[in-house]
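Subject: A structure for you to explore

Hi,

Here is the structure I promised to pass on. Please open it beside this email, and then read on for what turned up in it.

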Amino acid sequence: MKIAFSWDDGALEDRKLFELHEKYEIPGMFFVPTRNREGRDVLTPQMMREAESKYVGFGGHTENHTYLTDIPIEEVDPEVLHNKMYIENVLGHEVLDFCLPGGKYDSAILDIVYRHYKTVRSADTMNFTYSGGILKPAIHFYPRGNKSLFVNAIRNRCIKQAMYVLLHCKDEYFDVISKLIENEQNNEYASIMIWGHSWEIEKYQLWDKLEDLMRSQCVRDNVVEYKEMFQPKE
């Protein structure tokens with residue numbers, strides 16, 4: 001089993017996540033837009049430069065946190081490329097990883113994004129294996145509810161996980177997702193991407209629950225760098 005963490009939107013609350021990733025020596029990938037059209041403040045260049053480390057990396061998330069399916073196709077390339085150039089200028093090195101705002105895309109958008117990035121991540125949860133192409137996460141660290149876990153698992157044909165959720169539908173949500181992860185511990189083909197937004201964690205006061213997950217032996221024994229999710233098992 002591989003476990004990796006990634007976080008979207010580059011909100012100022014990411015600074016709390018930086019501290020947790022450093023504290024538990026767990027790598028995390030942070031996807032940062034140049035600015036956020038929704039009005040939420042984003043990390044400054046200085047904050048990103050000071051945070052980048054063995055355990056904190058950065059990727060692209062568009063110029064304006066724009067859902068790429070909402071704009072004309074001819075605007076997609078500059079929306080993606082300008083953000084990439086911005087982050088690379090801030091950090092002083094190439095940036096290879098991208099996350100789709102809202103998880104929204106189609107084949108034409110993916111073709112454009114792959115001109116500039118090596119990896120692309122969506123927001124389509126309850127996926128527990130990686131077989132190539134776009135990366136789809138397993139767990140959204142957010143109280144979506146067990147019904148959402150079940151529906152997404154069925155939609156993504158993760159029947160084993162769907163049955164576990166159904167049988168434990170009355171259990172507390174974060175207990176269920178912790179158990180879903182633990183259940184894959186001996187599966188050498190499992191790839192579990194845990195993702196979320198720091199501003200959601202702050203809004204719902206989930207910091208203790210996240211720290212509990214990060215300190216759990218199951219996670220610590222299997223955590224990998226983000227890029228390792230995309231490497232096939234030999």
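First, a term you will meet throughout: a residue is buried when its relative accessible area is under 20%, exposed when it is over 50%, and partly exposed in between, using a 1.4 Å probe and protein chains only. This is a predicted model, in which local features need pLDDT of at least 70 and side-chain atom pairs count only at pLDDT 80 or more, while totals for chains, interfaces and linings use all residues. Residues are numbered from 1 along each chain as its sequence is written, and side-chain values use heavy atoms, leaving out hydrogens and water.

Let's start with the aromatic rings. Rings of Phe, Tyr and Trp (its six-membered ring) pair if their centres lie within 6.5 Å; planes under 30 degrees apart are called stacked, over 60 edge-to-face, and the rest tilted. The count by this rule is 11 aromatic pairs. Take Tyr 130 and Phe 230: their ring centres are 5.3 Å apart and their planes meet at 75°, so this pair is edge-to-face. Tyr 130 sits in the loop between strand S5 (119–121) and strand S6 (139–140), while Phe 230 is in the segment after helix H10 (217–222), 100 residues apart. Helices (H or I, at least four residues) and strands (E, at least two) are DSSP runs, numbered from the N terminus.

Are these two residues buried or partly exposed? Tyr 130 is partly exposed because its relative accessibility is 23%, whereas Phe 230 is buried, at 17%. Ring pairs also join both of them with Phe 31 and Tyr 226 in a cluster.

Another edge-to-face pair is Tyr 142 with Tyr 204, at 5.4 Å centre to centre and 80° between the planes. Tyr 142 lies in the loop between S6 and helix H5 (146–155), and Tyr 204 in the loop between helix H8 (198–203) and helix H9 (207–215), so the pair ties together parts 62 residues apart in sequence. Tyr 142 is partly exposed at 22%, and Tyr 204 is partly exposed at 36%.

Some rings have a charge over them, meaning that NZ of Lys or CZ of Arg is within 6 Å of the ring centre and within 35 degrees of the ring normal. Arg 40 lies over the face of Trp 199, 3.8 Å from the ring centre, and Lys 84 lies over that of Tyr 117, at 4.7 Å.

Now for the inside. In soluble globular proteins, nonpolar side chains tend to be buried together. A nonpolar core is a set of buried Ala, Val, Leu, Ile, Met, Phe, Trp, Tyr and Cys residues joined through side-chain atoms within 4.5 Å. The largest one here has 61 residues, and Phe 5, Phe 58 and Phe 141 have the most contacts inside it. Helix H7 (residues 173–183) gives the most to this core, with 6 residues. Another core lies apart from it, with 10 residues, including Met 29, Cys 99, Met 229 and Phe 230.

Finally, the cysteines. How many disulfides does the structure hold? There are 0 disulfides, a disulfide being a pair of cysteine sulfur atoms within 2.5 Å. For Cys 169, the nearest cysteine sulfur is that of Cys 158, 19 Å away. Cys 218 is in no disulfide either, and its nearest cysteine sulfur, again that of Cys 158, is 17 Å away. Cys 169 is partly exposed, at 44% relative accessibility, while Cys 218 is buried, at 12%.

Enjoy exploring!
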